[in-house]
Amino acid sequence: MSSKPANIFRKAKKRTTMARRNAKRDASEPEIVKALEALGMSVFLLHEPTDALVGFRGITHVVEFKSGRTGYGKGLNENQQAFANEWRGSAVVTLHSRDEAIAWAQQVSRGQPCPTG
């Protein structure tokens with residue numbers, strides 16, 4: 001009989017890269033995540049290349065949270081844009097606020113095409 005520890009799954013060491021080591025989360029993220037989850041979506045936060053995967057009715061959406069409407073907070077940075085250009089899955093969705101997240105989630109729930117940025 002083996003004496004394996006009760007929990008065979010070990011917590012993975014946190015991996016960081018030079019590019020994202022000092023990255024900070026967008027201020028809008030907590031309220032957007034809360035709104036999406038309240039609307040029945042599952043949200044898995046990432047560190048790179050985007051902020052989150054959002055699942056709803058068997059479809060996974062790649063999502064980036066942004067806090068502003070101008071400058072750095074407006075859109076994808078260079079690394080995120082390069083990822084979006086090469087990604088063969090669903091388009092990267094950029095959400096700036098709780099209200100924008102709710103509007104996007106409602107479109108997704110109706111099966112309507114959604115703007116991505």
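The model described here is a predicted one. Its protein chain holds three helices and four strands. Read from the N terminus, these elements follow the order α-β-β-β-α-β-α. Of the 117 residues in the chain, 31% count as buried.

Strand 1 (residues 42–45) and strand 2 run antiparallel and are joined by four bridges. Within this pair, Val-43 has Val-54 of strand 2 as its bridge partner. The hairpin of strand 2 and strand 3 has two residues between the strands, and in it Arg-57 takes a positive phi near 50 degrees. Strand 2 (residues 52–56) is largely enclosed by the rest of the structure, because four of its five residues are buried.

Strand 3 (residues 59–65) includes His-61. This histidine has a relative accessible area of 12%, and because buried means under 20%, His-61 counts as buried. Which residues does His-61 touch, leaving aside those up to four places away in sequence? They are Ala-52, Leu-53, Val-54, Ser-90, Trp-104 and Val-108. One of these, Val-54, is also the bridge partner of Val-43.

Attention now turns to the helices. In general, the packing of two helices is described by the angle between their axes and the distance between the axes. For helix 1 (residues 29–38) and helix 3 (residues 98–110), the angle is about 30 degrees and the axes are 8 Å apart. Angles under 35 degrees count as roughly parallel, so helix 1 is roughly parallel to helix 3. Their crossing is right-handed. On the helix 1 side, the contact is made by Glu-31, Ile-32, Ala-35 and Leu-36, which meet Arg-98, Ala-101, Ile-102, Trp-104 and Ala-105 of helix 3. Sorted by class, this contact has seven nonpolar residues, two charged residues and no polar ones. Trp-104, listed here in helix 3, is also among the residues touched by His-61.

Methods:
Residues are numbered from 1 along each chain as its sequence is written. This is a predicted model: local features need pLDDT of at least 70, side-chain atom pairs count only at pLDDT 80 or more; totals for chains, interfaces and linings use all residues. Side-chain values use heavy atoms; hydrogens and water are left out. Buried means under 20% relative accessible area, exposed over 50%, partly exposed in between (1.4 Å probe, protein chains only). Contact means heavy atoms within 4.5 Å. Axes are lines fitted to C-alpha atoms, for helices over the stretch in contact, and angles run from 0 to 180 degrees between N-to-C directions. Angles under 35 degrees count as roughly parallel, over 145 as roughly antiparallel, 65 to 115 as roughly perpendicular and the rest as oblique. A crossing is left-handed if the near helix is turned anticlockwise from the far one by less than a right angle, and right-handed if clockwise. Ala, Val, Leu, Ile, Met, Phe, Trp, Tyr, Cys and Pro count as nonpolar, Asp, Glu, Lys and Arg as charged, and the others, Gly among them, as polar. Two strands pair if DSSP finds at least two bridges between them.
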